[in-house]
Amino acid sequence: MADTQQADAKAERETTRLARRIDSFSKAHGGAEGQVAHLGKRGARIVLVGEDGAWGDLVARSHETALKAVEKSGITLHEDFDGEFAAKVRTGPYEWSRMAGIQVGGPSNT
């Protein structure tokens, strides 16, 4: 029983920490929307897109924790990262060079 309570407390601390980071991102970028994606055994990825087009991500230990953190932060949650939501992302020269990688002389992935 004590192990279960300890695990629940740890999950709640993680949820609160993630929600604070989501809130911080949202405030810094004029609001935010998100999407939660499974990472298999590693947990879940919370992808954030700010109203200004900035983007970032966070990793949670479980899909349930990620969903609770997003809910606690109050941002809009999308089921998929496509369409209008994906079109809100603004990338700069750094991202384009990373996406192209060594094909166009950008930084390598190593």
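**Close-up views of a predicted model**

**View 1. R45 and D57 form a salt bridge, with their closest N and O atoms 2.6 Å apart.** A salt bridge here is a side-chain nitrogen of Lys or Arg within 4 Å of a carboxyl oxygen of Asp or Glu. This is a predicted model, in which local features need pLDDT of at least 70, side-chain atom pairs count only at pLDDT 80 or more, and totals for chains, interfaces and linings use all residues. Residues are numbered from 1 along each chain as its sequence is written, and side-chain values use heavy atoms, with hydrogens and water left out. R45 belongs to strand β2 and D57 to strand β3, so their pairing ties together parts 12 residues apart in sequence. (Helices, H or I with at least four residues, and strands, E with at least two, are DSSP runs numbered from the N terminus.) R45 counts as partly exposed at 30% relative accessibility, and so does D57 at 38%. Buried means under 20% relative accessible area, exposed over 50%, and partly exposed in between (1.4 Å probe, protein chains only).

**View 2. Four strands line up in an open sheet.** Let's follow the order of the 4 strands: β3-β2-β1-β4, with mixed pairing. Strands pair if DSSP finds at least two bridges between them. At the edges, β3 (55-60) and β4 (76-78) each pair on one side only. Strands β1 (residues 32-38) and β2 (residues 44-50) are antiparallel, paired over 7 bridges. Within this pair, A37 has R45 in β2 as its bridge partner. Between β2 and β3, also antiparallel, there are 6 bridges.

**View 3. Strand β3 has two faces.** In a regular strand, side chains alternate between the two faces of the sheet. On β3, G56, L58 and A60 make up the covered face, while W55, D57 and V59 make up the uncovered one. Opposite A60 stands A44.

**View 4. E14 meets R61 in a salt bridge, the closest N and O atoms being 4.0 Å apart.** E14 sits in helix α1 (residues 2-28) and R61 in the loop between β3 and α2, so the pair links parts 47 residues apart in sequence.

**View 5. K88 and E33 join their side chains in a salt bridge (2.3 Å, N to O).** K88 lies in the loop between α3 (83-87) and α4 (93-100) and E33 in strand β1, so parts 55 residues apart in sequence are tied together. K88 is partly exposed at 31% relative accessibility, and E33 is buried at 9%.
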